[in-house]
Amino acid sequence: MMKNFAFIIILGLFLNRALSFTISSPYSKTRRLSTLFKYDSSCTRPRDGGFQLGAVASDTTQKGANEYKLTPEAKELEELLQNKEKCGKLLVAQTAPSVRVAFSEMYGEEPGVFSPGILVASLKALGFDVVLDTNTGADLTICEEGTELLHRLLVREERRKKSNGEQPTFDESLSLEEPLPLFTSCCPGWMNMVSKSNPELIPFISSCKSPHMMLGAMVKQYSHELFGREASQVYFNSVMPCVRKRGESDFAAFSHDGVRDVDNVITTKDLRDLLKIHGVNPSELEPLPYDSPFQVEEHRPDGLGSGAGQLFGATGGVMEAAVRTVYEILTESQLPRLELKEVRGLEGIKEATIPLFNKDTGKGLDTELSVAVANGLGNAKKLIASMKEGKSHYDFVEVMACPGGCIGGGGQPKSTDKSILDKRMEVIYKLDKTLPIRRSHENPSIKAFYDKFLESYGSENAHRLLHVKPVYGENPQDEKNKAEET
């Protein structure tokens with residue numbers, strides 16, 4: 001009897017400790033479902049401690065939620081769709097590069113059979129008022145991250161002059177201001193690894209928000225100029241290939257004046273379930289263009305992002321997109337070979353070297369840009385170990401947690417086809433090649449962003465809206481200390 005009682009006491013203490021850690025952990029489910037603000041009186045924000053369909057939920061919502069086992073995020077969106085007129089909110093969606101590639105697979109088709117326009121039409125049929133292209137958010141990321149990389153390269157060159165060209169070791173770089181290599185920051189799985197296992201890498205991590213969070217910040221900050229609505233009256237929903245994007249959007253750093261930059265995130269699979277509930281068959285729809293509210297004066301018939309932004313969907317794509325813009329800014333000429341095939345494909349670790357000086361223009365830096373891509377976290381660990389041991393040196397490193405990059409995200413449709421990642425990747429490259437604009441900085445929406453709102457790449461206003469202290473504005477060590485205290 002006493003032994004059983006002691007066991008119960010120990011179990012209780014263990015559960016209390018575990019729950020305390022869960023609440024404080026930045027990637028916990030409890031935190032992911034917590035709310036940073038409430039809907040107005042006509043709409044509920046049912047994400048405190050799990051989702052419960054409210055009294056206003058229609059029979060359709062309840063039936064659909066039960067039949068398709070909707071995720072909390074999909075349930076939230078479904079209830080809002082059912083009460084759209086009552087809530088009075090403008091419903092805005094954005095779609096990631098990888099979603100348009102795999103969307104058709106859920107209807108028995110090969111990757112990329114449905115055009116991006118069919119995806120837009122599906123979301124409009126579901127009830128969204130505005131549909132934006134996350135490729136534009138990716139283009140924005142490239143302009144900001146590319147500027148960040150250029151600044152670090154220039155700082156490095158100044159240091160080299162003072163040190164007679166000596167290369168600092170990895171450990172020595174930790175004490176330097178703005179050290180290299182610069183690591184990408186758009187993958188929440190990678191940021192989770194840094195936060196939990198490698199906080200010593202934080203000085204190397206880009207301060208840029210991920211593409212969908214950048215676009216969310218722009219939409220909410222300038223909602224009145226773009227839509228004639230206050231930010232609190234705009235519901236911004238991301239459609240993503242990644243289940244971790246949900247938790248990413250919940251961080252306090254991604255809200256301003258009590259209003260979230262991104263209100264909700266659903267996955268490709270969530271979208272399929274919601275379309276089924278509403279009886280929407282994408283194959284029966286006519287394609288519609290992406291909306292382009294940012295191009296106030298230089299209006300185009302569609303709001304498509306660039307081919308460079310499309311590349312974000314595949315491993316190596318962020319790197320390839322960045323090189324296109326960084327080279328052109330430095331040398332004032334286009335990259336001689338636009339497609340950086342060395343960083344394409346499904347290899348675990350990919351490397352490339354790009355000269356940063358153009359003889360024809362006489363512009364650039366008399367050095368080479370050494371880049372690396374880690375396809376999956378296992379390969380990222382190998383790459384980090386190699387750098388720490390001094391076996392390899394890079395200036396810019398891309399890491400994606402999921403094999404293949406976002407095309408292989410956990411929110412994408414499951415497939416028994418062993419070559420599915422290759423097929424999705426080929427669609428990514430095809431879209432890049434066929435899009436009218438293939439460089440991020442040439443996207444008219446990006447030009448409008450800076451002309452109308454941000455002034456210049458890396459400006460004070462750009463940093464206020466589009467950057468955040470790694471990781472997501474929180475110190476992993478502080479989080480660990482809080483967990484230990486509780």
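1. A charge counts as sitting over a ring if NZ of Lys or CZ of Arg is within 6 Å of the ring centre and within 35 degrees of the ring normal. Arg344 meets this with Tyr429, lying over the ring face at 4.0 Å from its centre.

2. The model is predicted: local features need pLDDT of at least 70, side-chain atom pairs count only at pLDDT 80 or more, and totals for chains, interfaces and linings use all residues. Residues are numbered from 1 along each chain as its sequence is written, and side-chain values use heavy atoms, with hydrogens and water left out.

3. Rings of Phe, Tyr and Trp (its six-membered ring) pair if their centres lie within 6.5 Å; planes under 30 degrees apart are stacked, over 60 edge-to-face, the rest tilted. The count under this rule is 11 aromatic pairs. One of them, Phe183 with Trp190, is tilted, at 5.5 Å centre to centre and 40° between the planes. Phe183 and Trp190 are both buried (under 20% relative accessible area, 1.4 Å probe, protein chains only). Phe170, Phe183, Trp190 and Phe204 form one aromatic cluster.

4. Phe294 and Phe449 pair edge-to-face, 4.6 Å centre to centre with 65° between the planes. This pair links distant parts of the chain, 155 residues apart: Phe294 is in the loop between helix H14 (268-277) and helix H15 (307-310), Phe449 in helix H19 (residues 444-454). Helices are DSSP runs (H or I, at least four residues), numbered from the N terminus. Both Phe294 and Phe449 are buried.

Conventions:
Buried means under 20% relative accessible area, exposed over 50%, partly exposed in between (1.4 Å probe, protein chains only). Helices (H or I, at least four residues) and strands (E, at least two) are DSSP runs, numbered from the N terminus.
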